[in-house]
Amino acid sequence: MDNSMKYAEGLSKIIQVKTVSNSGAAVFAEFRNVLEELFPALHKNCTRTTVCGDALLYKWKGKSDKKPIVLMAHQDVVPAEDGNWKYPPFSGTIADGKVWGRGAMDCKNTLYVSMQAVEELISENFISDNDVYIALSDGEEVFGPGAIKTKDYLKKEGV
């Protein structure tokens, strides 16, 4: 079955949330709500930790904690100044075989496909050989501390 429209619609939804760097806790809370809606199996089966600010770390327990992997992306985007946009920057327009909008290529695309892959694997009752972490910083575009604090957290936890 071709899921391309389902995937396009999911990416479109997360683009529509204006997670501009430093946009505030309410916007990132809205973004978390959209993630919970799009990825219910992931949210049921993974633990989520807020590392600092709105930086998130999900843990999907595998068969072993010996060689974990980390999938990384960031939630924030740079501002979209008025200008030469083919479609409004936070519309998530699906047209011409593409999803258009701020974050479509940096980096909500990576965030979406990582979470969608885990969602589908969980839904198929797959259990990873190793623990899988999904680290989502909230201030990458402004050199925020999310990624560093996530690394520190994982180190402290012995990961």
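This section describes helix packing, aromatic pairs, backbone features and selected residue separations in a predicted model.

Two packed helices are described by the angle between their axes and the distance between the axes. Helix α1, which spans residues 4–15, packs with helix α2, residues 25–38, at an angle of about 165°. The axes of α1 and α2 lie 10 Å apart. Because angles over 145 degrees count as roughly antiparallel, α1 is classed as roughly antiparallel to α2. The crossing of these two helices, α1 and α2, is right-handed. On the side of α1, the contact is made by Gly 10, Lys 13 and Ile 14. Helix α2 contributes Phe 31, Val 34, Leu 35, Glu 37 and Leu 38 to the contact with α1. Sorted by class, the contact of α1 with α2 holds five nonpolar residues, two charged residues and one polar residue.

Helix α1 also packs with α4, at an angle of about 130° and with the axes 10 Å apart. The two helices α1 and α4 are therefore oblique to each other. The crossing in which α1 passes α4 is right-handed. The residues of α1 in this contact are Lys 6, Tyr 7, Gly 10, Leu 11, Ile 14 and Ile 15. They meet Lys 108, Asn 109, Leu 111, Tyr 112, Gln 116 and Glu 120 in α4. By class, the contact of α1 with α4 comprises six nonpolar, three polar and three charged residues. Gly 10 and Ile 14 of α1 take part in the contact with α2, and Gly 10 and Ile 14 are also listed among the α1 residues that meet α4.

Aromatic pairs form a further set of contacts. A pair of aromatic rings is described by the distance of the centres and the angle of the planes. The count of aromatic pairs in the model comes to three. One of them is formed by Phe 39 and Tyr 112, with 5.6 Å from centre to centre and 50° between the planes, and is tilted. This pair links distant parts of the chain, 73 residues apart. Phe 39 is situated in the loop between α2 and α3 (40–45), whereas Tyr 112 belongs to helix α4, residues 108–123. Phe 39 has a relative accessible area of 0% and is buried. Tyr 112 likewise counts as buried, at 4% relative accessibility. Tyr 112 is also one of the α4 residues in the contact with α1.

Tyr 87 and Trp 100 form another aromatic pair, which is tilted, with 5.3 Å from centre to centre and 55° between the planes. Tyr 87 lies in the loop between β3 (64–74) and β4 (94–95), and Trp 100 lies in the loop between β5 (98–99) and α4, so the pair ties together parts that are 13 residues apart in sequence. Tyr 87 is partly exposed, with a relative accessibility of 23%. Trp 100 has a relative accessible area of 23% and is partly exposed.

Several backbone features occur in loops. A cis peptide bond, with omega of about 10°, joins Asp 106 and Cys 107. Cys 107 belongs to the loop between β5 and α4, and Trp 100 is also placed in the loop between β5 and α4. Asn 22, a residue other than glycine, has a positive phi near 60°. This residue, Asn 22, is located in the loop between α1 and α2, and at 67% relative accessibility Asn 22 counts as exposed. A positive phi, near 65°, is also found for Asn 125, likewise a residue other than glycine. Asn 125 is located in the loop between α4 and β6 (130–137). At 67% relative accessibility, Asn 125 is classed as exposed.

Glu 9 lies in helix α1 and is partly exposed, with a relative accessible area of 47%. Glu 9 and Ala 135 are 126 residues apart in sequence, and their C-alpha atoms are 23 Å apart in space. Glu 30 lies in helix α2 and, at 41% relative accessibility, counts as partly exposed. Between Glu 30 and Ile 134 the separation is 104 residues in sequence and 19 Å in space, C-alpha to C-alpha.

How values were computed: Residues numbered from 1 in each chain as written. Predicted model: local features only at pLDDT ≥ 70, side-chain atom pairs only at ≥ 80, totals over all residues. Heavy atoms only, no water. Axes fitted to C-alpha atoms, helices over the stretch in contact; angles between N-to-C directions. Helix = DSSP H or I, 4+ residues; strand = E, 2+ residues; numbered from the N terminus. Parallel < 35°, antiparallel > 145°, perpendicular 65-115°, else oblique. Left-handed = near helix turned anticlockwise from the far one by under 90°. Contact = heavy atoms within 4.5 Å. Nonpolar A, V, L, I, M, F, W, Y, C, P; charged D, E, K, R; others polar. Phe/Tyr/Trp six-rings, centres within 6.5 Å; stacked < 30°, edge-to-face > 60°. Buried < 20%, exposed > 50% of the residue type's maximum accessible area, 1.4 Å probe, protein only.
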